[in-house]
Amino acid sequence: MHPREQTIFALSSGRPPSAISIVRVSGPLARDALKALAGRVPEPRMAIRTLLRARTGQPIDEAIVLYFPGPASATGEDVAEFHIHGGRAVQAALFGALSNFENIRAAEPGEFTRRAFENGKLDLTEAEALDDLIRADTEAQRRQALHQLQGLLGEKARDWRKRIIEAQALIEAGIDFADEGDVPAELMAPALRTIEALSGEIRQTLATQGRSERLRDGMKVAISGPPNVGKSTLINLLARREVAIVSPHAGTTRDIIEVHLDLDGYPVTVIDTAGIRDTNDPIEQEGVRRARLRAEEADLVLWMTEGGEGRAEEVGAPADTAVWLVRNKIDLESAKGSSMSGEGSQSAGGARLFRISARRGDGIWELIAALTDFVRNFFGSREEALIGRERQRKLLQETADALQRSVLAASAGEELAAEELRAASQSLGRLLGRVDVEDILDAIFKEFCIGK
């Protein structure tokens, strides 16, 4: 029997030990396995309590069982659920009993969701959203994934693809009636209007989505600067726990330290890097190299200094990367009566300037408030975000480009315009997972956890 025709099982709840564990079975033998272990099959979608027994007659556990006949199930196949006590030994006993059935095997990562996709229960954008929802750590991630799971992008993509096919049909009809005088021109005009409208809609969607696909991984903020200026103290303050060693000795931080924050529901990764300086220590040199690399990859760099103002060009980050200057240890300046002391946000040579005391906490709330505003603007509006992954944005961009090429090619011949429309339709098909995507499916579903 082909692996995709076999019946699969997996733990679909959290790791044991737990109060209750849910083991799901999906496939043509789900009903037979349920009857053999529970002694009977309950009415569809009706829960019953029963004693589970292995085929040897050995009792396994008192459990709640349910049966969902296909196609009215999560996977579109027959599905059985065993709600057992959440101990490791109970789970192992049930897994062992299921494994003793011929053509019943443990599921691969994402195999339940893949079967749901292959049976038409959801498209690929919804499958991706399901994975994102499971992995969501912040409110913004949850909201975006839930919007996508409701099929907002898939619904728009199906509508766009339908209209592309209608325009393509008009153009190809014109090709078929090329000898009928004005018929091709009469068919081409409405087709081009449809294509131009579609191109505008898709490009507007791409433009208004901001960086919504980046929400999965979060925004990256690198704390950089010379040694011993308080970078580790600041990251400990932001994390509200001791994540980095604070020492008066320069070069203490040599490896990259990351802290994941939730700012107003948005995911932010703050990175503490090694102090930037010239050194003969090969280990510290590697730390400095990594620090410069992370600054180049960051969406925002906080360049920390003490004493002098510092300059944004010292950072070495790409020109399009935002850089804020953070002047630390203003408490020491105050003690000396420096006229440059003070808190809050200012401007220094075009870069935002913050004066803080990471040790005492002065100016920290102003810095956090500014970070929160920055991350809100970075991700854009959180309402009805359609694009959740770079794959989706790339395919929508390919679709819009093919539509534009179709309009430009129309003057050179209907055949060229029709070919570009086919390319646009195929891009949307790949977005939904309905056209030539076997390698993409393998890559996507392997990212899922086992049991989903």
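Modeller: Here is a walk through the core, then the residues beside it, then the helix pairs and a few backbone details.

First, the ground rules. This is a predicted model, in which local features need pLDDT of at least 70 and side-chain atom pairs count only at pLDDT 80 or more, while totals for chains, interfaces and linings use all residues. Residues are numbered from 1 along each chain as its sequence is written, and side-chain values use heavy atoms, with hydrogens and water left out.

On to the core. By nonpolar core I mean a set of buried Ala, Val, Leu, Ile, Met, Phe, Trp, Tyr and Cys residues joined through side-chain atoms within 4.5 Å. Buried is under 20% relative accessible area, exposed is over 50%, and partly exposed is in between (1.4 Å probe, protein chains only). The largest such core has 32 residues, and the members touching the most others are Ile223, Leu234, Val270, Trp324 and Ile356. Elements that each give at least two residues to this core include strand 7 (219-224), helix 8 (231-239), strand 8 (257-263), strand 9 (266-272), strand 10 (300-306), strand 11 (322-328) and helix 11 (364-379). Helix 11 supplies the largest share, eight residues. Helices (H or I, at least four residues) and strands (E, at least two) are DSSP runs, numbered from the N terminus.

Take Ile356 next. Beyond its neighbours within four places in sequence, Ile356 is in contact (heavy atoms within 4.5 Å) with Leu234, Met304, Val326, Arg327, Asn328, Lys329, Ile330, Asp362, Gly363 and Ile364. There is also a second, separate core of 29 residues, with Ile164, Leu198, Leu206 and Ala418 among them.

One of those partners, Met304, is found in strand 10 and is buried, at a relative accessible area of 0%. Not counting residues up to four places away in sequence, Met304 touches Ile223, Ser224, Gly225, Pro226, Val229, Gly230, Lys231, Leu234, Val326, Asn328 and Ile356. Asn228 is 76 residues from Met304 in sequence, with 9.7 Å between their C-alpha atoms.

Most residues other than glycine have a negative phi, and most peptide bonds are trans. Lys329 has a positive phi of about 65° although it is not a glycine. You'll find Lys329 in the loop between strand 11 and helix 10 (330-336), partly exposed at 22% relative accessibility. Asp264 is also not a glycine, yet has a positive phi of about 55°. Asp264 lies in the loop between strand 8 and strand 9 and is partly exposed, with a relative accessible area of 39%.

While we're on the backbone, there are cis peptide bonds too. One joins Pro16 and Pro17, with omega about 0°, and Pro17 is in the loop between strand 1 (7-11) and strand 2 (18-26). Another joins Gly70 and Pro71, with omega about 5°; Pro71 is in the loop between strand 4 (59-68) and strand 5 (79-86).

Now the helix pairs. Helix 12 (residues 390-409) has 20 residues and reaches 28 Å from its first C-alpha to its last, close to the 28 Å expected at 1.5 Å a residue; that expected span is 1.5 Å times one less than the number of residues. Its buried residues include Arg391, Leu395, Leu396, Ala402 and Leu403. The axes of helix 12 and helix 13 (residues 414-432) come within 8 Å and cross at roughly 170°. Axes here are lines fitted to C-alpha atoms, for helices over the stretch in contact, and angles run from 0 to 180 degrees between N-to-C directions. Helix 12 and helix 13 are therefore roughly antiparallel to each other, a label for angles over 145 degrees. Contacts involve residues including Leu395, Thr399 and Ser406 of helix 12 and Leu416, Glu420 and Ala424 of helix 13.

Helix 4 (residues 124-135) and helix 5 (residues 139-149) pack at about 155°, with their axes 8 Å apart. That makes helix 4 roughly antiparallel to helix 5. Among the residues making the contact are Ala129 and Leu133 of helix 4 and Ala145 and Leu149 of helix 5.

Last stop, Lys452, in the segment after helix 14 (438-445). Lys452 touches Gly110, Glu111, Phe112, Thr113, Leu130 and Ile134, not counting residues up to four places away in sequence.

Definitions and conventions
Parallel < 35°, antiparallel > 145°, perpendicular 65-115°, else oblique.
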